[in-house]
Amino acid sequence: MSDGDLFKLYSQRILGLAAAIPHLGSLPAPRGEGRKRAPLCGSVVSAQVVARDGRITEFAQDVRACALGQASAAVLGSAVIGCNLAELERGRDELAAMLRAEGPVPGAPFAGYDALLPARAFPNRHESILLAFEAAIAALRAAAD
């Protein structure tokens with residue numbers, strides 16, 4: 001990986017997102033929790049939710065990840081309130097396709113993932129980028145049980 005590749009990957013926008021992750025912390029009374037880890041890099045994202053009628057009404061996350069994982073958590077955190085399981089799964093699948101199959105940027109409310117388009121060229125980072133979705137999905141599934 002050249003210095004130019006790293007510069008393109010770690011853009012000011014990605015670094016800005018990583019520095020401003022919404023909903024950090026924990027909820028006083030979560031109804032569902034999820035924790036996901038990327039074995040390759042060791043990144044971990046945990047999520048807590050409260051849901052009503054299958055939609056997230058409260059959300060908190062703890063993000064111990066690289067700048068790309070943090071940026072992903074920031075995009076998800078800004079869009080997750082009001083989402084249901086199908087919307088989260090669709091967003092995750094669209095993000096995976098964007099990264100792995102040169103698919104389009106995920107649709108609303110996840111269009112902010114366009115910031116991570118340069119990460120397509122770095123497959124070893126994809127799993128970390130998907131962690132925020134995986135943790136939120138696990139938390140919402142746990143809330144439904």
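This is a predicted model: local features need pLDDT of at least 70, side-chain atom pairs count only at pLDDT 80 or more; totals for chains, interfaces and linings use all residues.

Trainee: Why is H4 called roughly antiparallel to H5?

Mentor: Their axes cross at roughly 170 degrees. Angles over 145 degrees count as roughly antiparallel, so H4 is roughly antiparallel to H5.

Trainee: And what makes that a contact between H4 and H5?

Mentor: Contact means heavy atoms within 4.5 Å. Residues of H4 that make the contact include Leu-88, Leu-95 and Leu-99, and those of H5 include Ile-129, Phe-133 and Leu-140. By class, the residues of this contact are eleven nonpolar, two polar and five charged.

Trainee: Why is H3 called oblique to H5?

Mentor: H3 and H5 pack at about 40 degrees, with axes 7 Å apart. Roughly parallel needs an angle under 35 degrees, and roughly perpendicular starts at 65, so H3 counts as oblique to H5. The crossing of H3 and H5 is right-handed.

Trainee: Which residues make the contact of H3 with H5?

Mentor: From H3, Leu-68, Gly-69, Ser-72, Ala-73 and Leu-76; from H5, Ser-128, Ile-129, Ala-132, Phe-133 and Ala-136. That contact has seven nonpolar, three polar and no charged residues.

Trainee: What makes a set of residues a nonpolar core?

Mentor: Its members are buried nonpolar residues joined through side-chain atoms within 4.5 Å. The largest such core here has 38 residues, and Phe-59, Leu-76 and Leu-95 are among those touching the most other members. H5 gives the most to this core, with ten residues. Phe-59 itself touches Leu-76 and Ala-136, among others.

Notes:
Residues are numbered from 1 along each chain as its sequence is written. Side-chain values use heavy atoms; hydrogens and water are left out. Buried means under 20% relative accessible area, exposed over 50%, partly exposed in between (1.4 Å probe, protein chains only). Helices (H or I, at least four residues) and strands (E, at least two) are DSSP runs, numbered from the N terminus. Axes are lines fitted to C-alpha atoms, for helices over the stretch in contact, and angles run from 0 to 180 degrees between N-to-C directions. Angles under 35 degrees count as roughly parallel, over 145 as roughly antiparallel, 65 to 115 as roughly perpendicular and the rest as oblique. Ala, Val, Leu, Ile, Met, Phe, Trp, Tyr, Cys and Pro count as nonpolar, Asp, Glu, Lys and Arg as charged, and the others, Gly among them, as polar. A crossing is left-handed if the near helix is turned anticlockwise from the far one by less than a right angle, and right-handed if clockwise. Lists of a residue's contacts leave out its neighbours within four places in sequence.
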